[in-house]
Amino acid sequence: MLLWPALASGAVVINEIHYAPADKTVPEEFVELYNDGPAADLSGWYFSNGISYTFPEGTVLGSGGYLAVAQSPQTLVSIYGPIDAIFGPCGGRLSND
């Protein structure tokens with residue numbers, strides 16, 4: 001999985017990858033990002049390996065903030081309840097390996 005552009009500061013990291021749901025027929029895969037540094041503009045950043053998703057213009061991840069990129073945002077909200085920052089749907093699938 002590639003998050004581009006390169007994260008030079010190391011502040012934004014992949015915090016969680018939910019790649020193997022118990023029920024393979026439910027589209028609940030997601031990737032969660034966490035920002036340990038100052039607010040980061042994610043406009044144009046993208047995933048291109050496994051899943052495909054490009055963040056829209058104006059996407060900012062605040063300091064100490066989390067966001068999820070989901071296979072199906074609606075499914076994720078129905079399972080986990082309200083989520084402050086959720087994006088998607090993303091294309092592709094995460095590898096179960």
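Mentor: The secondary structure of the protein chain amounts to one helix and ten strands, where helices (H or I, at least four residues) and strands (E, at least two) are DSSP runs, numbered from the N terminus. Before going further, note that this is a predicted model, in which local features need pLDDT of at least 70 and side-chain atom pairs count only at pLDDT 80 or more, while totals for chains, interfaces and linings use all residues. Residues are numbered from 1 along each chain as its sequence is written, and side-chain values use heavy atoms, with hydrogens and water left out.

From the N terminus on, the elements run β-β-β-β-β-β-β-β-α-β-β. Strand E3 (residues 30-35) belongs to an open sheet of four strands with the order E2-E3-E8-E9 and mixed pairing; two strands pair if DSSP finds at least two bridges between them. The edge strands of this sheet, each pairing on one side only, are E2 (12-18) and E9 (86-87).

On one side, E3 is joined to E2 by six bridges, and these two strands run antiparallel; here His18 stands opposite Phe30 of E3. E3 also pairs with E8 in the antiparallel sense, over five bridges, and Phe30 stands opposite Ala70 in E8. Further along the sheet, E8 (residues 66-70) runs parallel to E9, with two bridges between them, and the partner of Ala68 in E9 is Ile86.

As for its cover, six of the six residues of E3 are buried, so the strand is largely enclosed by the rest of the structure; buried means under 20% relative accessible area, exposed over 50%, and partly exposed in between (1.4 Å probe, protein chains only). Both faces are covered, since Phe30, Glu32 and Tyr34 on one side and Val31, Leu33 and Asn35 on the other are all buried. For the protein chain as a whole, buried residues make up 39% of the 97 residues.

The structure holds six aromatic pairs, counted when the ring centres of Phe, Tyr and Trp (its six-membered ring) lie within 6.5 Å, with planes under 30 degrees apart taken as stacked, over 60 as edge-to-face and the rest as tilted. Whereas Tyr34 is buried, Tyr66 is partly exposed, with a relative accessible area of 44%.
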